[in-house]
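Please consult the structure shown here while reading.

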Amino acid sequence: MDLGLMISSFPKLLNATVVTLKLLSVSLIVGLFIGLLFAILRLNKNIFVNRFAYGYSYVFRGTPLLVQIFIIYFGLGQIESLRSSFLWVILKEPYWCAIIAFALNTGAYTSEILRSAFQTIKPGIIEAGKSLGISTKIIFYKVQIPIAIRQSLPAYGNEIILMLKGTSLASTVTLMDLTGVAKYIISTTFKPIEVFIVAGGIYLFMTFIIHNLIKFLEKKYQH
Amino acid sequence: MNIFKKIIFSALLSLLVIGNVNADKIRIGTEGAYPPWNSKDESGKLIGFEVELAWTLCRYIGEQCTIVEQDWDGMIPALIMRKFDAIMAGMSITAERQKAISFSQGYADEVASLAVMKGSSLEGLDTPAGINLTKPNAAAKKALKTLTAALAGKTVCVQTATIHQNFLDSGDVGKVNVRTYKTQDEVNLDLASGRCDAALAAAVAFSDYAEKSGKPVVLTGPTFSGGAFGNGVGVGIRKDDTELLKKFNAAINKARKNGDISRIATKWFGFDASM
């Protein structure tokens, strides 16, 4: 075991962790909006809207994240007409391709988490609001959404942790995230165990923080 | 001893037996994704210059061999961890790698080159046909300067953990935006898509891709050898495995004398890349 290498690679890996956290936070924020939108579409009575939303979550939950990244990065890059369109400005960059893949993926899972949270809200609560003369719109924004968010916190915490680990796939499309830099160090030192132990430790620490943050929020919103 | 213990014991015993059968053979690791050095045919069978050369060398050594596939970025760690006993994967002999493993004498050498898509501004650089970086002469130094100016701010794509990556990281051509990929295939894809302004690899890897894909990939600038590009391609062997190293060196001598290396090289490269 090369302790010197573990110590000298630590600051480089910590630097790369910034990239990982950026990827994670941007895709989670975009994914949350996508998830909320599609959760609402799923609850829509119109069969086409409903089926469309179901189809999206089915496709993105039913295929590996790696395949999704490859299709968006290498796959779309093969289409000649796309390369000459304005979309190429975004799709040319590995960073945005990774964000698109991660956001669409986490959006699909988030929509399912929020949908089931909406469905657990007892009809009585909504009826109570209606009987007080509050409009359905306000009930939705002020009652249903806050309850749904609280209900979905434990499951969403898991999703954040899964996404954190998912960001390691960004290295497959040339991004220098935590895993990417770890691989780079290994490519010159040929010592995978030492470097991956340090990188794994950093991932574990981030998971620890996220886990406790969610636990704290759960307690805060308990009643 | 109860029945479960018996089952586990016999299962372990059979593992030992299987392990011993494999230990008798020399296991050679290759990537299978770097044509014409090594690649795979449609059925998934390993083919290429080094696959054919490996069987020839094994015949001279007089021992049985098996060829094992291994991703490029884990090649040297896998050798050290005894997943196989020798590397034949277009791996150039460099000082950096020699810190971790030993190399046999070189059996083939092939120059590196930049490639761009036809119509690129990097086409037609004013440089000599080839430069050697071991002791760069005035012309080579001038060529590096030309390249530094031409590549400033450009994205150059390479396969990870290669001499090509080392060269770009060395700063000999200034600050370029280096992007690394797991396989040469992915480098080729992104060169063709326009995400890379240029790519650096074995010249023959690009001509092979241009020929097979029909994409307008052209070589540009000088061909590179020496320095960061190492001293030819050899068999990588664990440092403590001096016995096997001797066997491979003797086998390469015989194969060279009998003209086998040149014959196989000409067959796969289209020219004699043997050394």
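Q: What makes the 6 strands of chain B with the order S8-S12-S7-S11-S9-S10 an open sheet?
A: In this predicted model, the sheet has two edge strands, S8 (130–132) and S10 (177–181) of chain B, and each of them pairs on one side only. Strands here are DSSP runs of E with at least two residues, helices are runs of H or I with at least four, and both are numbered from the N terminus. Two strands pair if DSSP finds at least two bridges between them. The pairing in this sheet is mixed, and neighbouring strands are turned by 30° against each other on average, direction ignored. Such angles run from 0 to 180 degrees between N-to-C directions, with axes fitted to C-alpha atoms, for helices over the stretch in contact.

Q: How do you know that strand S7 and strand S11 of chain B pair?
A: DSSP must find at least two bridges, and S7 (residues 112–117) and S11 (residues 198–202) of chain B have 4 bridges in the antiparallel sense. Therefore the two strands count as paired. Ala115(B) has Ala199(B) in S11(B) as its bridge partner.

Q: Which strands does helix H5 of chain B touch as it packs on the sheet?
A: Helix H5 (residues 138–151) of chain B touches S8, S9 (155–159) and S12 (217–225) of chain B, and its direction makes about 110° with that of S8(B). Contact requires C-beta atoms, placed from the backbone, within 7 Å of each other. Helix H7 (residues 184–193) of chain B lies across S7, S9, S10, S11 and S12 of chain B, at about 155° to S9(B).

Q: Why is Thr174(A) called buried?
A: A residue is buried if 20 or more other C-beta atoms, placed from the backbone, lie within 10 Å of its own, exposed if 12 or fewer, and partly exposed in between. Thr174(A) has 25 such neighbours, so Thr174(A) counts as buried. Thr174(A) is in the loop between helix H8 (136–166) and H9 of chain A, and its phi is near 75°, a positive value in a residue other than glycine. Most residues other than glycine have a negative phi.

Q: Why is Arg82(B) called exposed?
A: Arg82(B) has 11 C-beta neighbours inside 10 Å, so Arg82(B) counts as exposed. The loop between helix H3 (75–80) and strand S5 (86–87) of chain B holds this residue. Arg82(B) also has a positive phi, of about 65°, although it is not a glycine.

Q: What makes the peptide bond from Pro35(B) to Pro36(B) cis?
A: Its omega is near 0°. Pro36(B) is in the loop between strand S1 (26–30) and strand S2 (39–40) of chain B.

Q: Which residues have the most contacts inside the largest nonpolar core?
A: They are Ala98(A), Val156(B), Ala199(B), Leu200(B) and Ala201(B), in a core of 123 residues. Such a core is a set of buried Ala, Val, Leu, Ile, Met, Phe, Trp, Tyr and Cys residues joined through C-beta atoms within 7 Å.

Q: How are the residues and chains labelled, and which parts of the model are used?
A: Residues are numbered from 1 along each chain as its sequence is written, and chains are lettered from A and ligands numbered from 1 in the order written. As the model is predicted, local features need pLDDT of at least 70 and side-chain atom pairs count only at pLDDT 80 or more, while totals for chains, interfaces and linings use all residues.

How values were computed: Contact = placed C-beta atoms within 7 Å.
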